[in-house]
Amino acid sequence: MDYKIIPSICSYCGCGCGVLFQVLDGRLTGTLPMKTHPVNQGKLCIKGWNLHEHVISDKRLTSPMVKKDGQLQEASWDEAIRITADRLQAIIKDHGPDSVGVLVSAKITNEENYLAQKFARAVVGTNNVDHCARL
Amino acid sequence: MEEQIKEWPEPFSTTGDKTSTFDNLRDQVNAWLKEGKVDIFLGYKMVQGHPLPHCFTKENPDETDELIVGKARYSLEKMAANIAAQRPEIKIGLLVRDCNQRALNVLYVWNQLNPDQVETININCCPSRLKEHGDCSYLEPQPSGSYKKQVGIDNNMDVEVAEEFSQEERFHRWMYEFEKCIKCYGCRNICPVCFCQECSMEHNDLIATGTVPPEVPIFHLVRAVHMAGRCIDCGLCEDACPVDIPLRLLYRKVNQVVSDMFDYKTGMRADQSPFNILGDEVTLEPKPI
Ligand code: SF4
Ligand code: SF4
Ligand code: SF4
């Protein structure tokens with residue numbers, strides 16, 4: 001029998017509420033608010049309370065998907081990145097960098113968000129960057 | 001951690017009539033694990049500067065040196081019930097404050113935990129008129145702000161005082177509180193005595209699911225009705241409510257009715273509840289009002 005309580009931070013939005021994951025015999029079974037966390041002080045919204053669900057969900061994607069013959073099919077990272085890079089380059093060449101937009105997310109870290117805007121501005125060459133918190 | 005120990009004010013008693021000091025608590029849990037009285041022990045441990053619930057095991061009994069009592073209060077009994085649902089053969093020990101003990105009694109009554117598989121060590125509890133100093137997160141409830149006092153329900157009110165408002169005013173005041181609800185389900189999720197597989201608060205015929213804000217007051221009243229004979233007034237729901245709805249007061253009223261009707265004091269003992277009688281004969285008579 002193995003029961004663990006693992007402190008973490010909610011990945012659903014930028015607030016950063018403290019959560020505790022309950023792990024029973026290696027399986028994530030629940031999320032609790034961390035009582036002593038300065039941000040949420042023992043409270044969570046409905047997303048935080050269900051944080052464990054997407055991790056164990058059957059619907060969770062576990063590999064990149066590429067649309068072939070009108071259907072999404074599992075692909076390797078190399079293949080998916082190659083196709084995305086080729087398509088982006090083609091679109092930028094034909095229609096200009098402002099035909100591309102980058103949408104980032106509160107579910108990723110500050111550093112990843114920084115990288116994404118850097119990618120938009122420095123690599124693609126557009127100021128079309130926006131964030132889910134503003135959508 | 002040292003601080004936690006120093007602040008510990010009074011001895012606590014174990015399941016029997018033994019009394020003991022803080023060091024003895026660790027020794028005792030250590031011994032319980034080593035001699036196999038329990039397979040696991042649910043207590044608290046400092047992790048990354050936070051007192052967190054922790055499962056001490058017989059595989060690693062000397063970790064009990066790090067056992068603390070913890071000011072933050074989590075529902076260890078709900079964790080025990082979750083573990084027991086998967087592994088009913090396991091013997092579980094846990095630290096209990098008064099509220100944990102009442103919740104355990106309800107979980108026994110409703111067959112969510114088997115008392116033969118549970119061992120407890122009692123520790124100091126919330127403040128009350130009898131006990132000025134308490135060691136938990138729900139220290140004295142926060143005083144309500146002036147606007148809330150003017151238009152809503154003060155969380156510190158007694159049921160009797162809340163009932164002094166005229167019916168119309170009372171309704172408006174409660175609606176002010178309910179309308180703040182963000183439908184996080186935190187009150188249900190954190191509650192030690194909410195264990196139903198299918199929850200009425202997620203039943204589409206009773207309450208619209210998948211939309212916010214919730215339908216008020218039905219969302220709160222469905223839960224209030226379900227708390228009859230179940231709520232042990234631990235306050236965890238109110239503690240978890242992001243918008244400070246006086247849930248405890250609501251459930252206190254419900255249980256006052258239970259007490260008046262059936263003379264049943266929820267959680268005080270692990271005996272028959274008037275709400276889970278099996279068989280075709282009703283033996284519990286409602287008390288004449
Ligand atoms: S709200 Fe009612 S139905 Fe839902 S878990 Fe609690 S007691 Fe059960
Ligand atoms: S006070 Fe709230 S959390 Fe505690 S038993 Fe009652 S309903 Fe559940
Ligand atoms: S905890 Fe408060 S806000 Fe959340 S669902 Fe319950 S009453 Fe509503």
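A residue is near a molecule or strand if one of its heavy atoms lies within 4 Å of it. By this criterion, ligand 1 is surrounded by Cys194(B), Cys196(B), Cys199(B), Ser200(B), Met201(B), His226(B), Met227(B) and Arg230(B). The model is predicted, so local features need pLDDT of at least 70 and side-chain atom pairs pLDDT 80 or more, while totals for chains, interfaces and linings use all residues. Residues are numbered from 1 along each chain as its sequence is written, chains are lettered from A and ligands numbered from 1 in the order written, and side-chain values use heavy atoms, without hydrogens or water.

The shell of ligand 1 holds five nonpolar residues, two polar and one charged. In this scheme Ala, Val, Leu, Ile, Met, Phe, Trp, Tyr, Cys and Pro are nonpolar, Asp, Glu, Lys and Arg are charged, and the others, Gly among them, are polar. Ligand 2 has 13 residues around it. Cys191(B), Cys231(B), Cys234(B), Gly235(B) and Cys237(B) come nearest. Its shell divides into 10 nonpolar, one polar and two charged residues.

Around ligand 3 stand Cys181(B), Ile182(B), Lys183(B), Cys184(B), Tyr185(B), Cys187(B), Phe219(B), His220(B), Cys241(B), Pro242(B), Val243(B) and Ile245(B). Of these, 10 are nonpolar, one is polar and one is charged. Cys184(B) is buried at 6% relative accessibility, and Cys187(B) is buried at 11%. Buried means under 20% relative accessible area, exposed over 50%, and partly exposed in between (1.4 Å probe, protein chains only). Over all chains there are zero disulfides (pairs of cysteine sulfur atoms within 2.5 Å).

Chain B has 11 helices and seven strands. These are DSSP runs, numbered from the N terminus: helices are H or I with at least four residues, strands E with at least two. Of its 289 residues, 52% count as buried. The accessible surface of chain B comes to about 14,700 Å² (Shrake-Rupley method, 1.4 Å probe). Carbon and sulfur atoms hold 51% of that surface.

Helix α9 of chain B spans residues 218–226. Its buried residues are Phe219(B), His220(B), Val222(B), Arg223(B) and Ala224(B). Their cover includes α7 (167–178), α8 (186–190), α10 (236–240) and α11 (247–262) of chain B. Phe219(B) and His220(B) also belong to the surroundings of ligand 3.

Lys148(B) lies in helix α5 of chain B, residues 146–151. Lys148(B) counts as buried because its relative accessible area is 9%. Its side chain makes a polar contact of 3.0 Å with that of Glu177(B). Such a contact is a pair of N or O atoms within 3.5 Å; within protein, one must be able to donate a hydrogen and the other to accept it, and residues adjacent in sequence count only if both atoms are side-chain atoms. The Lys148(B) side chain also reaches the backbone oxygen of Asp244(B) at 2.7 Å. Beyond four places in sequence, Lys148(B) touches residues including Ile153(B), Asn155(B), Arg173(B) and Pro246(B).

His50(B) lies in strand β4, residues 50–57. His50(B) is buried, at 15%. Leaving aside neighbours within four places, His50(B) contacts Met34(A), Thr36(A), His37(A), Pro38(A) and Lys45(B). Glu119(B), in strand β7 (residues 118–122), is buried at 18%. The C-alpha atoms of Glu119(B) and Leu94(B) are 6.5 Å apart, although 25 residues separate them along the chain.

Key: Contact = heavy atoms within 4.5 Å.
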